[in-house]
Amino acid sequence: MTKTFIRYLPLLLLAVVWEMAARLGWVSSTALPPLTDVVRAWVDMLFDGELLRNSASSLYRIIGGLGLSIVIGTVLGISMAWWKPVNVLLAPIVEIFYPVPKSALIPVTVIWLGYGDGSKILLIFLGCMVPVTIGAFNGARASEQVMVWSARSMGASKLRVLWDVVMPGAMPELLNGIRTALALSFILLVSSELIVAQKGFGYLIGSLGAGGSYDAMYAVVLTVAFLGFAADRIYLAITRRTLAWRAMS
Amino acid sequence: MQEPAQIVVDHISHLYRPPRGREVLALDAVSLEVRQSEFIALLGPSGCGKSTLLYLIGGFLPVEKGEIRVDGKAVAGPGPDRGIVFQHFALFPWKTVRGNVLYGLERQGMPKPEREKRAMDFIELVGLHGFEDSYPSQLSGGMKQRAAIARTLAFDPKILLMDEPFGALDAQTRGLMQMELLRIWQSRPKTVIFVTHDVQEAVYLADRVAVMSARPGRIKTIVDTKFDKNDPDIFKNKFFVEKVDEIWNLVKDEAIKAQGTRSA
């Protein structure tokens, strides 16, 4: 408990400096409204339902896009590692797509699927699929020949080996890729909502900023930051449990 | 009358194709017969193709030239009649010792209560009682190899293929493991093909030692090494010392040749 407190003490100090900087006029209060005002704005938005309404649609987009990318990316990556023809077919596509800044696709996804949830889910899916596919591919490719042979000699079919040996062997790399995808999903969500959306965190930040409600805008930015942080922490805890066999020694 | 051999290796040749560089003739028309319940060692310098021959018998590599028959049937792939133990254990790191030993039994479709009991019996047999819930990362090298041996013995293959199984262990552990293996083999005889480059180990464990030549791999001679292995003073036993000496002289030339081709 005290350890956690000491660990996050710098954040508390930052909060105090923030408050003082705004209150004592070190910076203009439009550029940085006092933290206490931000908190008040946050509570107001929570009670009038605006925050929850927009959170719900943002979370729906993240879960949809990320979920799709995890399922399809894992299947693609493992197939590429296991079947040569799949690799020959897909490797160049992944390589070309890898360095494309995914935010450049925002207008494209809007043309395809409109201003609603569909375009955001598609963008997050496309962007997050890359690290998931690469993680699954690298993990599955590293599966040890002797382990595969052992399973085969114990009567496992080739498909069985894929599930029993290649999948768990790929897990550490795959989970790493998904962690990258998780962080990326927040980036893509907010940037796409900032540009074209009628709901969501990005929309809220954009419209509050344009309307001059800077304290409320900051409240939404902090909410997104906190959600991203919490998601990563929860994800790490799940990873640690899944990979308990590796950490033990 | 001699009983027919259980494993027949019939004029096997094999090309090794490295990802880069020239292909190498790893095995050149190798023939070998192994009888049921016989313990045979494949001995030779590194790079002589002894592991390749073992993998071909296991069905892990495709037979390109010649034929391998097990119980009269041509080998076409891996199967649970041939269990294998590797130098680096090849345990599933995400499964406990028990989970590893259970894996083969699950694949054989053994009912749950039966396989649970059988797994524990074999964990006990190799002296890992109390470690059944440990993960491989928590075990020493010797214990990992015990677990791997238990995993392979548990699903009861007729033939046990061992690929330098004690090669990664320290000298003391290796000695202990050799004694253990001999004890287990004497209590439940199986056909064993044991790949090693350690002359003493081969003579101590095997009924016959097949000495292989350096590249291309051929079987140079087969030396009979069957005698009482339970002699507590075995390493001073005249027969043992003579056999080690005889085989060492055969291997020495090949080892020197192997060094020569490598530096050339």
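## The sheet in chain B

B:Ile7 sits opposite B:Val34, a residue of strand 2 of chain B. Helices (H or I, at least four residues) and strands (E, at least two) are DSSP runs, numbered from the N terminus. Strand 2 of chain B runs antiparallel to strand 1 (residues 7–16) of chain B, and 7 bridges join the two. Two strands pair when DSSP finds at least two bridges between them.

Here's the whole sheet: 4 strands of chain B, open, in the order 2-1-4-5, with antiparallel pairing. Strand 2 (24–34) and strand 5 (73–74) of chain B are the edge strands, each pairing on one side only. Helix 1 (residues 50–58) of chain B packs on this sheet, touching strand 1, strand 2 and strand 4 (65–70) of chain B. The direction of helix 1 makes about 120 degrees with that of strand 1 of chain B. Touching, or being in contact, means that the C-beta atoms of two residues, placed from the backbone, lie within 7 Å.

## About the model

This is a predicted model, where local features need pLDDT of at least 70 and side-chain atom pairs count only at pLDDT 80 or more, while totals for chains, interfaces and linings use all residues. Residues are numbered from 1 along each chain as its sequence is written, and chains are lettered from A and ligands numbered from 1 in the order in which they are written.

## Two helices in chain A

Over in chain A, the axes of helix 8 and helix 10 (residues 214–242) come within 11 Å and cross at roughly 170 degrees. Axes are lines fitted to C-alpha atoms, for helices over the stretch in contact, and angles run from 0 to 180 degrees between N-to-C directions. Helix 8 and helix 10 of chain A are therefore roughly antiparallel (an angle over 145 degrees).

Among the residues that meet are A:Leu175, A:Leu182 and A:Phe186 from helix 8 of chain A, and A:Val224, A:Ala231 and A:Tyr235 from helix 10 of chain A.

## Where the chains touch

The contact between the chains takes 16 residues from chain A and 21 residues from chain B. On the side of chain A, helix 7 (145–153), helix 8 (158–195) and helix 11 (244–247) each give two or more residues. The largest share, 6 residues, comes from helix 7 of chain A.

## A residue in helix 5 of chain B

B:Leu181 lies in helix 5 (residues 171–187) of chain B.

Definitions and conventions
Parallel < 35°, antiparallel > 145°, perpendicular 65-115°, else oblique.
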